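The exercises below are meant to be worked with the sequence and the 3D structure side by side. Try each task before reading its solution.

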Amino acid sequence: MITTPRDADLGAALRRAVDDDFEAAQVPWLRRVVDQPSHTHARADVEAAAQIVDDLAAELGLSRTLHCDPQGKFADHRVYATPATGEDDRCLALVGHIDTVFPRSLGFLSFARDGDVVRGPGVLDMKSGISSMLFALRALRCAAPAAFAALRVRAVIVSDEEVGSPSSHALYDQLAPRISAGLVFESGRKHDLIVTARKGGGVFTVTVHGKAAHSGNDHQAGVNAIHALALLVGKIEAMTDYPRGVTLNVGTIEGGTAKNTVPERASCQVDARFETVADAEQVTAAIQDLARDPFAGLAQVPDRLRACGSRSAAA
C-alpha cells in the first residue's frame, strides 16, 4: 500500500486520539462495563451491561435498533449504525457480544488492574473488544470528523454468544445481505494473532432411560441409568481426534431423583468441535451409532443395563 503524506497525518492523528482517550476514558469505561455482571442467562444483568454500551454509542451519534429474543430468554440484541449508514446500505460490520460465562455465584465480579494486565469477568471475552470497537470510532470522529461523517458501519452486539447464539443467529441471517465484510472484536490467539477461521460446533444431548426401584428393598429390579451413562462417557470422549481438530467434551451430566432410588433417567450434554464438514458428518454419525447400540465394543456390561441401552437417545 502506498501511503501519502495526508494518510500519514491522519494515522498520526488517530494514534494521538487513541492515546489521549486510553487512560482518560477507555480504561475507566472498560472498568464500568466489566464491573457490571452479564452472565448470559441473567437477562437483567446483561441488559444493564448493554445499556452501558448504549450510552457510549449514543454519545458517538450512532443510531440503535433493538432486536428482541422471541422467547424472552435473552437480553435484547443491538445493532448500532453510523449516521451515514442507510437502512439498505451494504457496509462493514463490527461484531461483538456483551454476555459472559461468569454467573454472580462464581464470585468473579470485578475489574482489577496490575500494571498493563487487567483481569475481570469478560475482560478478554469480550468487553475489551467492545471498548476497542467503540473507542476506535470515537478516535476517528475526533481526528477526522469528515471521514467519520461519511463512514458506513454497523456495530452488532448480541447477548447470547456464549451459549451458541440460539437467538441472534437469526439476526445475522437478516443482516447478511447488507454486510460487505465483518470484523469480530473477540480476542485473538497467543502473540495477538488474528483469527481468520474458526471450528464448527454442535451440541448433542445423550439421554439414557433405565428403570426406577427402591435401592434398599428392590435394588435388583432397577436399571441404573446413571451407571449406563457413565459407561458411555468414555466412548464419547474417545471420539476426540486432536490431529484432525475434532474434540468432544462431556460438559454437563445429570440424573436421578434421590439417593435411595435407582435412577430411571440420566443425560449429558456433549460439546463437539470440528474443522471440516466431513468431520461434522462423521461425528454426527458416530453419536447416532452410539444411540442405536450404546454398549457396542464394551465388555462386562451387566445384562440389566443392556436392556436400557436399546432405549437410549441422542439429539
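**Exercise 1. Find which element gives the most to the lining of the second largest pocket.**

Step 1. The element to pick is α3, which gives four residues to the lining of the second largest pocket; helices (H or I, at least four residues) and strands (E, at least two) are DSSP runs, numbered from the N terminus.

Step 2. The model is a predicted one, in which local features need pLDDT of at least 70 and side-chain atom pairs count only at pLDDT 80 or more, while totals for chains, interfaces and linings use all residues. Residues are numbered from 1 along each chain as its sequence is written, and side-chain values use heavy atoms, with hydrogens and water left out.

Step 3. A pocket is defined on a 1 Å grid over the protein atoms alone, as an open set of points where a 1.4 Å probe fits, with protein on both sides within 12 Å along at least five of seven lines, and lining residues have an atom within 4 Å of a point.

Step 4. The second largest pocket is lined by 19 residues, and Val-184, Phe-185, Glu-186, Ser-187 and Gly-188 lie nearest its centre. The elements that give two or more residues to this lining are α3 and β7 (179–184).

Step 5. By class, the lining of the second largest pocket has eight nonpolar, seven polar and four charged residues, where Ala, Val, Leu, Ile, Met, Phe, Trp, Tyr, Cys and Pro count as nonpolar, Asp, Glu, Lys and Arg as charged, and the others, Gly among them, as polar.

**Exercise 2. Describe the space and the lining of the largest pocket.**

Step 1. Of the 37 residues that line the largest pocket, Glu-161, Glu-162, Val-163, Gly-164 and Ser-165 lie nearest its centre. Among the elements that give two or more residues to this lining are β3 (91–97), α3 (123–143) and α5 (169–175).

Step 2. The lining of the largest pocket divides into 12 nonpolar, 14 polar and 11 charged residues.

Step 3. Look again at Ser-165, which is placed in the loop between β6 (153–158) and α5 and has a phi near 55°, a positive value in a residue other than glycine. Ser-165 is buried, with a relative accessible area of 12%, since buried means under 20% relative accessible area, exposed over 50%, and partly exposed in between (1.4 Å probe, protein chains only).

**Exercise 3. Trace the salt bridges of Arg-78 to Glu-47 and Asp-54.**

Step 1. A salt bridge is a side-chain nitrogen of Lys or Arg within 4 Å of a carboxyl oxygen of Asp or Glu, and by this rule the count comes to 15.

Step 2. Between Arg-78 and Glu-47 the closest N and O atoms are 2.7 Å apart. Arg-78 lies in strand β2 (residues 77–81) and Glu-47 in helix α2 (residues 43–59), so this pair ties together parts that are 31 residues apart in sequence.

Step 3. The side chains of Arg-78 and Asp-54 also meet in a salt bridge, at 2.8 Å from N to O, and this pair links strand β2 with helix α2 across 24 residues.

Step 4. The relative accessible area is 1% for Arg-78, 15% for Glu-47 and 10% for Asp-54, and each of these residues is buried. Glu-47, Asp-54, Arg-64 and Arg-78 are linked in a network of salt bridges.

**Exercise 4. Is the protein chain a compact globule or more spread out?**

Step 1. The protein chain contains eight helices and 13 strands.

Step 2. Its radius of gyration is 25 Å, well over the 20 Å that the globule rule gives for 315 residues, so the chain is more spread out than a compact globule. The radius is taken over C-alpha atoms, and the globule rule is 2.2 Å times the number of residues to the power 0.38.

Step 3. Taken along the principal axes, the C-alpha atoms fill a box of roughly 85 × 40 × 40 Å, and buried residues make up 38% of the 315 residues.

Technical notes. Points joined across faces, edges and corners; volume = space filled by probe spheres on them.
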